[in-house]
Amino acid sequence: MSALYALDGLRVARGGRTVLDVDGLALEDGGVTALVGPNGAGKSTLLEVLAFLLPPDAGRLVFDGRPVSAADAPACAKRVGLVPQNPYLLDRSVAANVRLGLTLRGLARRAADARVEETLALLGLTALAGRHVRGLSGGEAQKVAIARIVALRPEVLLLDEPFSYLDSAATAELAALLADPFRLGARKIVFTTHDELLALKLAAETVNVVAGRADRGSLLNLYSGRLDRARHSFVTGGLEVHVGDHVTAGTRIALDPAHVVLSATRLDSSMRNSFPGRVTSLAEHGGEVLVGADIGVRIHALVTHDAVRAQGLQPGAATWVSFKSNALRVF
Amino acid sequence: MDFFAASFARAFALIGAGDAALLGIVATSLITAMGAVIAASLVAIPAGIATALGEFRGKSMLKHGLNALMALPTVVVGLLLYGLLSRRGPLGEFGLLYSPLAMTIGQTVLIVPLIWNLVLTAVEGADPRLAFTCRALGANAWQRALIFAHETRYAIVSSTIMGFGRAIGEVGVAMMLGGNIAGYTRTMTTAIALETSKGEFALGLALGLVLLAVALLVNLALGILQGRRT
């Protein structure tokens, strides 16, 4: 699949401090992408850049195959819709809020009415159309904010922490709504979250955002530490892993659980990283089993049901955990 | 004590009887103050919104200046405008001095900084998410100003009511620019000062009661607006 966004050497600074520094990142065209990271990691800043609301201080941003200059940004911004975290709804009715963006873009009254009606129906908000926003629940308010942007028919729908103020029922309802961009008339959805499991469940593509740096990689096996260039290793917690001699900088590593191999005995292979450990958890994950193990740090491996049965993997069981150096993403 | 009670009784009797002189004075006060509020609002509301939303050099100094001008002494405004409007002044040829229009102009000058500053504070105090919402929806500067005006409308109306309160209750401008001419430029405040100095305490008191009622109504309106805002 081609990339809808490509970011290269992109940097954003605030008050002389770099808050976003993305070396090379491409976001697929289509589907759902999750930007995952802790609070203050730079997710919202990245989203503002993707919405063309925040011009980067340096670097190159390519959108839909074309580099975006400062002059192009306003036109690109009209193709993208951003729902901010804890969105503000105007002191008006639900329908008036949904109509707002259409009015600002100068849509004729009749066309705007039809669009509002259609959007409210799409998000299941028709019954609330005449209600004042003051009386809405958190989930309803979030849906109204999304409807306000969806009414503009953006190609890309960006959502900043859309689940952060919702209870579990509202989260499930919104998750179902965001699962398919086409349903909302968009070609892509990008959302930020600090909930790794929710990101895994909803998004086909995930991007880690940590301390202003963004990188595609595993969300489950993500570690921070320091690089020892002399030993070509990365030290995290009580563990030292070999990262290969091509790595020259980085403070975090990510490892896809699918690239982690579990075995009953130490493998005689080219894999430079092999550690003894114990199984701590097993969980069904997309037809396979996500096995958690403790090797000094907590690590996850995605294995088949057959492998679980053959190796007798169960909580407390001893196991060897192995992975190749080139399976590690250092950033 | 008898004098005080008797004065109150006479004052209520004057109000109850709908005394023509008293009604004329009240009407002059209301008309000039309302005129001043309308004129001041036309200037101060857009200026307040623009100042709050704009980024420009000298903004901080302007805000300090507006803060200082909120407490502008009415006699100073009266004095300056007297100089401008008097026969020998630069605007003397218009013959405005000692007219209701002169009082309205003076009261407008008096309350413009007040309304400007209150609107500025209201817009600056709006929910910080509103600015981002406007940006995310692609609002231009004009649209953004209208959205902020709508979202802070109760505070903006409150500021005009406070301006009305200040205009109707001031005496310096009305006295110096209106001249307290009976049946023409006599307002409640100038009449109270005059009648009391003449020993006509009852009429002064009656006017004072009406002024107090107006102040109470203004406060009631503010209370209702603040209730709606919350």
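**View 1. Polar contacts and salt bridges between chain A and chain B of the predicted model.** Chain A and chain B share 9 residue pairs in polar contact, both residues at pLDDT 80 or more; a polar contact is a pair of N or O atoms within 3.5 Å, one able to donate a hydrogen and the other to accept it, with residues adjacent in sequence counted only if both atoms are side-chain atoms. The rule also finds 2 salt bridges across this interface (a side-chain nitrogen of Lys or Arg within 4 Å of a carboxyl oxygen of Asp or Glu). In the salt bridge of A:Asp91 with B:Arg153, the closest N and O atoms lie 3.1 Å apart. This is a predicted model, in which local features need pLDDT of at least 70 and side-chain atom pairs count only at pLDDT 80 or more, while totals for chains, interfaces and linings use all residues. Residues are numbered from 1 along each chain as its sequence is written, chains are lettered from A in the order in which they are written, and side-chain values use heavy atoms, without hydrogens and water.

**View 2. Area buried between chain A and chain B.** About 1,600 Å² is buried, with carbon and sulfur atoms giving 59% (accessible area, 1.4 Å probe, lost on putting the two parts together, summed over both). In chain A, the residues losing the most area to chain B are A:Leu53, A:Tyr88 and A:Leu104, together 41% of what that side buries.

**View 3. Open sheet of chain A.** The sheet has 6 strands (DSSP E runs of at least two residues) in the order E6-E7-E8-E3-E9-E10, with mixed pairing.

Key. Pairing = 2+ DSSP bridges. Helix = DSSP H or I, 4+ residues; strand = E, 2+ residues; numbered from the N terminus.
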